[in-house]
Amino acid sequence: MSGPKPAPLDLIVKAAEEEFNRRPPTICVIGLSGVGKSSTINAMFGTHKRVSATTRGTNRFRTDVFEIVSQRMEGAAIKCALRVLDAPGLGEDVSLDENYLSRYRHHLKDKACDMVLWIVAARNRALALDQQYLTRLADVLPNVLIGINQVDLVEPLNWNAGINMPSREQDKAVKEIVEDRHAKLSKCLRGQCKTVAYSALKYYNLQSLFAACLDVSPPDRRWMFDLLKSFSTHDWLNKAKGLSAAQKQQLARAYIKSDEKISAESLPG
Ligand SMILES: Nc1nc2c(ncn2[C@@H]2O[C@H](COP(=O)(O)OP(=O)(O)OP(=O)(O)O)[C@@H](O)[C@H]2O)c(=O)[nH]1
Ligand SMILES: [Mg+2]
């Protein structure tokens, strides 16, 4: 017995593009000022949101829609869209926080977001502000993931640039940080949540963050986020200063599964 005839590729592409137009996948990023919200979105999705090392990079509450041409599907490029809700970091100015919080609440309550990525900086151990904000938004935060960014800046600040990974000491510290932040932040939420440590700047562990984003997004929308992935193992390996081309290739092979193309048949019918 033969199954249904697979739809021709151009029909699948057309249907996918229509779905992106109708309701673009939407991610909301929240976190204190300068934790790397915009950098994280740029690293995962290849967008060009403004990043700043000094004063606020994102200068007002905004909903951006980015057009992204996905090359992830076998045999075809797809015109996709991504909606990002982003605000200048909370906690930057007490006179602005109430406004941002109520706007986040408004958007989240309307179920306009598929998922929320709550970002903290690995070196920040003063979590009271994040706890306060999480508690105030907890009832409208169903699909939330906690990201711990900037792990390259964890003490004793001896990032292993040769392999673009934390040093042994940093790795140990990062594990302690993940345990501590997870306990302190997840208790403010109403359900379970996952916590992932990474570095947007170094592309370190970005794949784990991305996979966790897929996990928390609604199952029927996961394929859309998956098509939007705009980084690969090479982005991480290319920043490893001490690896030979052969070593890079060997490592790339070990991680290649996560970079594999998506087949048209795996998209919903
Ligand atoms: N070392 C390091 N620096 C990072 C990382 N991610 C972001 N940064 C830096 O942190 C600074 C702030 O990054 P942004 O992405 O602008 O942070 P933001 O949270 O969007 O900031 P606001 O929009 O002002 O709230 C910039 O100088 C980035 O280059 C990281 O993983 N490691
Ligand atoms: Mg920003």
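User: What makes Leu101, Tyr104, Arg105 and Leu108 in H3 residues that meet H4?

Analyst: In this predicted model, local features need pLDDT of at least 70, side-chain atom pairs count only at pLDDT 80 or more, and totals for chains, interfaces and linings use all residues. Residues are numbered from 1 along each chain as its sequence is written, and chains are lettered from A and ligands numbered from 1 in the order in which they are written. Contact requires C-beta atoms, placed from the backbone, within 7 Å; the H3 residues named meet Tyr133, Arg136 and Leu137 in H4. By class, this contact of H3 with H4 has five nonpolar, no polar and two charged residues (nonpolar: Ala, Val, Leu, Ile, Met, Phe, Trp, Tyr, Cys and Pro; charged: Asp, Glu, Lys and Arg; polar: the others, Gly among them).

User: Why are H3 and H4 called oblique to each other?

Analyst: The axes of H3 (residues 94–109) and H4 (residues 128–137), lines fitted to C-alpha atoms over the stretch in contact, with angles from 0 to 180 degrees between N-to-C directions, cross at roughly 40° and come within 10 Å. Angles under 35 degrees count as roughly parallel, over 145 as roughly antiparallel, 65 to 115 as roughly perpendicular and the rest as oblique; H3 and H4 are therefore oblique.

User: How do you know that S4 pairs with S5?

Analyst: Pairing needs at least two DSSP bridges between two strands, and six join S4 (residues 115–121) to S5 (residues 144–149), which run parallel. Among the partners, leucine 117 is bridged to leucine 145 in S5.

Terms used
Helices (H or I, at least four residues) and strands (E, at least two) are DSSP runs, numbered from the N terminus. Two residues are in contact if their C-beta atoms, placed from the backbone, lie within 7 Å.
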